[in-house]
Amino acid sequence: MAGTFMSAQVRRIATLAAHFRVPSVAATGERRLQAFATMANTSVFENVQQAPEDPILGVTVAYNKDPSPSKLNLGVGAYRTEEGKPLVLDVVKRAEQQLVAEKSRNKEYQAITGNQQFNKLSARLILGPDSPAIAKNCVATVQALSGTGALRIGAEFLAAHYAKPQIFLPMPTWGNHNKIFPLGGVSQKPYRYYDPKTRGLDYEGMLEDLKAAPDGAVILLHACAHNPTGVDPTEEQWEGIRKVIRSKNQLPFFDCAYQGFASGSLDKDAYAVRSFVADGGECLISQSFAKNMGLYGERVGALNIVCRSAPVASRVDSQLKLVIRPMYSSPPVHGAAIAAAILEDGNLFKNWTVELKGMADRIISMRHQLYDALQERGTPGDWDHVLKQIGMFTFTGLNKSQVEFMTREYHIYMTSDGRISMAGLSSRTVPHLADAMHAAVVGAKSKV
Ligand code: KET
């Protein structure tokens, strides 16, 4: 047991060293000694390596440096209006006004697990108002630093308390998953998900890989609007996936960053999660309010752990506090208060669903406009996937050199895997994007 713990620690140190690009413990130690010995005018951080930019957030850094007036940022998944501006939802403004007017509000520390009212309403939003798991107090919910924070708390909890801290991630997946889990102490493996040939789900491959994964393994599932592919299983396929996972006593970990953004309906987008909770089995669910409430920088999210019984959920909750307290003590007040105000007030909630549907519909209309623009230009290839894919992103199929060409020649910024954020597009910028895609595809063809 102690041996296993030690080797887990050694693995974690190696993961940390690789992540932070520390050459090797021995090499750094030696260089450090040399630095002390010479007492030269060098920094004690002389050996710190230059780290690369983040593959997603680094796109915005590059975009910000570009002086071109026609530049376009389709990298990060952040909603923009038709005018290309960030959007603060009307309900968010109204909730904030209410909060400011409440004389009794203060800036005291929150509980370690955050705003309890927010936690309750957040769990209800994903699990549904009639969820038996909630009624039986089987869900431990903690406020988290948005979706990323929820995933990280989940990883740290699993590393400490779950017998099989190994997670299977879809191929491809959101780039940060590959870092969050190993750094949180959970090793990772891929499972087949996307088939580039059909630009759809590799359902058979996925089931084969889940069947081949060990009993009890943790399986990461995108609740809806899979990022980056925009490819989701059908309800029938979810049923097949659920059966395999349950038959192997595997533990589903849902990442729910886009509830309401896929279909425009909060309930429809919760289908997969609710079907897994309805069978009485256990799971983890991370939630983000970054996209669906536009609260990106407020860092509002939650981690839910659905357990088989209330006493287990209560003990899990107590352990989550031990994860959170030494990490950041307790979460911030403001964003969760906004979300709670919207979730608890019938009127605000209704208005929120209207605004959310408006955002989802605008993204769908961008899909049609881009598709039509490519057809008009006669861009070689089949572009049906622009219409079919779900959520914020189109996984275009453009390769790295085509992406580089579009950035260089057209000042269009996107991730190197060819993902474009449809939410960053507007009727005004669609022709520019279509021109760039056309040129990239035609250029690449003539080079072959
Ligand atoms: N899960 C998924 C699948 C996801 O796409 C994101 C964000 C998150 C979690 C975390 O979001 P948070 O803001 O921590 O609640 N994705 C976009 C932003 C980013 O990379 O941070 C993106 O893919 O562009």
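In which loop does N249 lie? N249 sits in the loop between helix 10 and strand 8. Helices (H or I, at least four residues) and strands (E, at least two) are DSSP runs, numbered from the N terminus. N249 is not a glycine, yet its phi is positive, about 50°.

A word on the ground rules. This is a predicted model, where local features need pLDDT of at least 70, side-chain atom pairs count only at pLDDT 80 or more, and totals for chains, interfaces and linings use all residues. Residues are numbered from 1 along each chain as its sequence is written, and side-chain values use heavy atoms, with hydrogens and water left out.

W238 in helix 10 (residues 235-247) and F254 in strand 8 (residues 251-256) are 16 residues apart, and their pairing links distant parts of the chain. Rings of Phe, Tyr and Trp (its six-membered ring) pair if their centres lie within 6.5 Å; planes under 30 degrees apart count as stacked, over 60 as edge-to-face and the rest as tilted. The count by this rule is 10 aromatic pairs. W238 and F254 are tilted, with 6.2 Å centre to centre and 50° between the planes.

Now the ligand. A residue counts as near if one of its heavy atoms lies within 4 Å. There are 18 residues around the ligand, and S146, T148, N227, D255 and S288 come nearest. Helix 7 (residues 146-161) gives the most to this shell, with three residues. By class, the shell has seven nonpolar, seven polar and four charged residues. Here Ala, Val, Leu, Ile, Met, Phe, Trp, Tyr, Cys and Pro are nonpolar, Asp, Glu, Lys and Arg charged, and the others, Gly among them, polar.

Next come polar contacts (N or O pairs within 3.5 Å). A ligand nitrogen atom is 2.6 Å from an N or O atom in the D255 side chain. A ligand oxygen atom is 2.8 Å from an N or O atom in the side chain of R419. The protein covers 93% of the 520 Å² of accessible area that the ligand has on its own, by the Shrake-Rupley method with a 1.4 Å probe.

N227 brings in one more backbone feature. A cis peptide bond joins N227 and P228, with omega about 15°. P228 is in the loop between strand 7 (218-222) and helix 10. A cis bond also runs from M171 to P172, with omega near -5°.

Terms used:
Polar contact = N/O pair within 3.5 Å; in protein donor to acceptor, adjacent residues only side chain to side chain.
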